[in-house]
Amino acid sequence: MRSLYASPLSRLLNLFLIAVAALLIAACGDSPTATPLPPTATFPPPTPTTAPTSTIAPSATPTTQATSTPTALPAADRAFVPVLCYHHIRDWEAADTEDDRAYIVPPAKLEEELKWLKDNGYTSVSAQQVYDYEINGLPLPPKPIMLSFDDNDDNQWTSARPLLDKYGFRGVFFIMTVTIDKENYMTSDQIKQLDKEGHDIEPHTWDHHMVTGYTTEADWQQQIVEPKKTLEDLLGHPTPFFAYPFGVYDANAAQKLETYGYRGAFRLAEVMDDTVKPKYALKRYIANGYWTLDQFVTVITGGWE
């Protein structure tokens with residue numbers, strides 16, 4: 001029968017093996033768990049330095065940026081907008097009467113006025129912009145002013161246009177069509193050039209007869225319908241605004257303008273018929289050749305309202 005006790009050598013060997021196993025087990029249990037590196041597949045690829053050559057279109061249709069509609073101002077909140085009406089832009093001559101000179105603004109005076117407007121932050125606006133503000137309450141640029149010129153005298157081309165350009169303004173030119181290409185008046189090419197440069201071109205009758213004096217349909221056709229067609233054929237776009245000769249109008253004339261497709265019309269300061277729709281009675285002021293600069297400032301800031 002074998003002894004229950006191992007020999008000393010065997011015992012030493014067993015102790016050695018147990019010690020080695022214990023060391024291995026301890027080493028495995030105490031070592032820290034390594035932090036794994038993130039997989040390289042999750043990093044975004046570098047931004048290419050050249051545009052991709054693929055012609056495959058994106059599957060999603062890109063959305064366009066929405067444009068916000070301006071909020072209309074209530075009528076009670078709409079401020080005064082100065083609308084001036086110039087005629088002749090030339091120096092006074094000995095033959096000019098005292099009354100004539102009220103309608104003749106020397107170029108030096110016009111420049112003084114335009115310089116003041118520029119220095120004080122005014123922006124010229126079109127007939128459409130004035131209409132949109134007065135009738136629909138759409139906002140205008142800060143300190144708006146409409147600079148209009150009646151009857152297409154050639155000095156509006158030779159004297160007013162360069163000054164408007166110099167100070168960064170655009171005018172509204174109301175054209176009496178019988179005079180186009182006539183001596184002392186603007187040519188059709190000059191009117192087209194004004195239009196290309198961003199000035200506003202609109203009708204002012206055929207030969208400046210007062211609208212309250214038309215008695216036949218032929219009168220309306222000649223004075224109201226044909227001038228609009230003449231300008232639209234010349235310019236290639238609508239001319240929907242009208243200026244009454246002498247600023248005089250009545251309810252019948254306003255109704256006729258609406259019938260013949262005019263969007264709005266400008267009168268002078270005097271009110272003749274307050275039953276007329278406001279869009280056919282937009283107000284202008286004669287730019288007076290006698291004004292001092294202080295008087296000019298009073299008018300455009302609403303002091304004569």
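1. Basis. The model is predicted: local features need pLDDT of at least 70, side-chain atom pairs count only at pLDDT 80 or more, and totals for chains, interfaces and linings use all residues. Residues are numbered from 1 along each chain as its sequence is written, and side-chain values use heavy atoms, with hydrogens and water left out.

2. Strand β1. Strands here are DSSP runs of E, at least two residues, and helices are runs of H or I, at least four residues, both numbered from the N terminus. β1 covers residues 83-86. V83 and C85 point one way, L84 and Y86 the other way. All are buried (under 20% relative accessible area; exposed is over 50%, partly exposed in between; 1.4 Å probe, protein chains only).

3. Partners of β1. Two strands pair if DSSP finds at least two bridges between them. β1 runs parallel to β3 (residues 144-150), joined by 4 bridges. In that pairing C85 stands opposite S148. β1 also pairs with β8 (residues 282-286), again in the parallel sense, over 2 bridges. There C85 stands opposite I286.

4. Strands β7 and β8. β7 spans 264-268. β7 and β8 pair in the parallel sense, with 3 bridges. F266 stands opposite L282 of β8.

5. S148. This residue belongs to strand β3. S148 is buried, at a relative accessible area of 0%. Its side chain reaches the backbone oxygen of L84 at 2.5 Å. That is a polar contact (a pair of N or O atoms within 3.5 Å; within protein, one must be able to donate a hydrogen and the other to accept it, and residues adjacent in sequence count only if both atoms are side-chain atoms). Setting aside residues up to four places away in sequence, S148 touches L84, C85, Y86, V172, F174 and R284. Contact means heavy atoms within 4.5 Å.

6. A salt bridge is a side-chain nitrogen of Lys or Arg within 4 Å of a carboxyl oxygen of Asp or Glu. By this rule there are 13 salt bridges. In one of them, D150 pairs with R284, and their closest N and O atoms are 2.8 Å apart. This pair links distant parts of the chain, with D150 in β3 and R284 in β8, 134 residues apart. Both D150 and R284 are buried.

7. K115 and D119 meet through their side chains at 2.7 Å, N to O. Both sit in helix α3 (residues 107-119), 4 residues apart, so about one helical turn separates them. K115 is partly exposed, with a relative accessible area of 41%. D119 is exposed, at 53%.

8. E232 and K228 form a salt bridge, with the closest N and O atoms 2.8 Å apart. Both lie in helix α7 (residues 217-235), 4 residues apart, about one turn of the helix. E232 is partly exposed, with a relative accessible area of 22%. K228 is buried, at 12%. Elsewhere, salt bridges that share partners join R90, E93 and D96 into one network.

9. K118. This lysine also lies in helix α3. K118 is partly exposed, with a relative accessible area of 46%. Its C-alpha atom is 7.9 Å from that of G168, 50 residues apart along the chain. Leaving aside neighbours within four places in sequence, K118 is in contact with Y167 and F169.

10. Helix α4. This helix covers residues 127-136, and its buried residues are A127, V130, Y131, D132 and Y133. G137 follows α4 and has a positive phi, near 75 degrees.

11. Largest pocket. Its volume is about 390 Å³. The lining holds 21 residues, and E134, R267, A281, L282 and K283 lie nearest the centre. α4, β7 and β8 each supply at least two residues of the lining. A pocket is an open set of points on a 1 Å grid over the protein atoms alone, where a 1.4 Å probe fits, with protein on both sides within 12 Å along at least five of seven lines; lining residues have an atom within 4 Å of a point. Grid points are joined across faces, edges and corners, and the volume is the space filled by probe spheres set on the points.
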